[in-house]
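Here is a friendly walk through one protein model and its ligand. Keep the sequence and the 3D view open as you read.

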Amino acid sequence: FQTPQLKGKHLVITAGPTREAIDPVRYLSNHSSGKMGFALAEQAARMGASVTLISGPVTLPTPAGVTRIDVTSAQQMLQAAEQSLTRCDAFIATAAVADYRPSESAAQKLKKGEADLSRIELTENPDIVATIARHSMRPSRVIAFAAETQDLEAYAQRKLDKKQVDAVVANDVSRTDIGFGSDQNEVLWVTRDQSQPFGPDTKSAVATFILEQLMTLDTSA
Ligand code: PMT
């Protein structure tokens, strides 16, 4: 981007967990609160961007000036993401998408004793950020996160290649003071030719750091 701020740019940000239904009362999910993605949406809107926030089930209020699309499952999140690509300048995948979903979701509550609840057959979910990065309407910047518990930089580099994204924001989700649910985060911004640490700091400050990195990202290489 040429301008120091994000005026005139459209950012699409995914946030929160996805929920994959086993039956009407049970699901598979994870610990994402949505705070990191919502902080990014809020800061991007403050910096003048038009922001579409695609959120899984969370309990956070919508940041001022942000257009929010609520989804439940990974498949719904992918559909909303693809539909938001028109005039999209950057896609940031903060969501903790469930990698697998139950192969079948029962229409009625499964009853203990009647159904075998000890085994659930799973089907792999689509990789949303990788799909967007290979899309015919690919935005000029596609950023993934990497939730890791060790070797942040090496795994982030691997995700950079595998998902064909321009940068990866890696964070250590084995810690309780940062990552899932907390108000703070500490990240490593990884591109093909540099990696830069930031934090620990508030998720708002981390969001500002990420957006500043995004604005100076050279995708011509
Ligand atoms: O929501 P909070 O409580 O604030 O916590 C923030 C966070 C820890 C969830 C966030 O900082 C974070 O790390 N988000 C990424 C979580 C994740 O699922 O990471 P991953 O390493 O499993 O996935 C790598 C990337 O691929 C992510 O950008 C993810 O959005 C994307 N992905 C993964 C699977 C899939 N099927 N589709 C995807 O798009």
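## Ground rules

This is a predicted model, in which local features need pLDDT of at least 70, side-chain atom pairs count only at pLDDT 80 or more, and totals for chains, interfaces and linings use all residues. Numbering starts from 1 along each chain, following the sequence as written.

## Overall fold

The protein has 5 helices and 12 strands; these are DSSP runs numbered from the N terminus, with helices being H or I of at least four residues and strands E of at least two. Its C-alpha atoms fill a box of roughly 60 × 35 × 30 Å along the principal axes. A compact globule of 221 residues would have a radius of gyration near 17 Å, and the 18 Å of the protein agrees with that. This radius is taken over C-alpha atoms, and the globule rule is 2.2 Å times the number of residues to the power 0.38.

Of the 221 residues, 39% count as buried. Buried here means that 20 or more other C-beta atoms lie within 10 Å of the residue's own, exposed means 12 or fewer, and partly exposed is in between, with C-beta atoms placed from the backbone. Among contacts with a separation of 6 or more, 61% join residues 24 or more positions apart; a contact needs C-beta atoms, placed from the backbone, within 7 Å.

## Around the ligand

Which residues come nearest to the ligand? They are S33, K35, A93, I128 and F145, out of 28 around it. A residue counts as near if its C-beta atom, placed from the backbone, lies within 6 Å. The shell divides into 14 nonpolar, 10 polar and 4 charged residues. In this scheme Ala, Val, Leu, Ile, Met, Phe, Trp, Tyr, Cys and Pro are nonpolar, Asp, Glu, Lys and Arg are charged, and the others, Gly among them, are polar.

At least two shell residues come from each of α1 (35-46), α3 (128-133) and β9 (141-148). The largest share, 4 residues, belongs to β9.

## Annotated binding site positions

An unreviewed UniProt entry places the feature "binding site" at D99, K109, P126, D127, I128, V129, F145, K159 and K163. These positions span 65 residues in sequence, and their farthest two C-alpha atoms are 37.5 Å apart, so they do not all gather at one spot. UniProt positions follow the numbering used here, feature names are shortened, and annotations may be inferred rather than shown by experiment.

V129 lies in helix α3 and is buried, with 25 other C-beta atoms within 10 Å. Beyond four places in sequence, V129 touches A93, V142, A144, K163 and V165. Contacts of K163 outside its sequence neighbours within four places are D127, V129, A130, A133 and A144.

## Helix α2

In α2 (residues 74-83), A74, M77, L78 and A81 are buried. Down the helix axis they fall within an arc of 100°, so they line one face; the arc is that of the directions from the axis to the C-beta atoms. Partners of this buried set include β1 (10-15), β4 (50-55) and α3.

## Backbone details

A cis peptide bond, with omega of about 10°, joins G199 and P200. P200 sits in strand β12 (residues 195-202).

D151 is not a glycine, yet has a positive phi of about 45°. D151 lies in the loop between β9 and α4 and is exposed, with 11 other C-beta atoms within 10 Å. Q164, also not a glycine, has a positive phi of about 60°. Q164 is in the loop between α4 and β10 (167-172) and counts as partly exposed, with 15 C-beta neighbours inside 10 Å.

How values were computed:
Contact = placed C-beta atoms within 7 Å.
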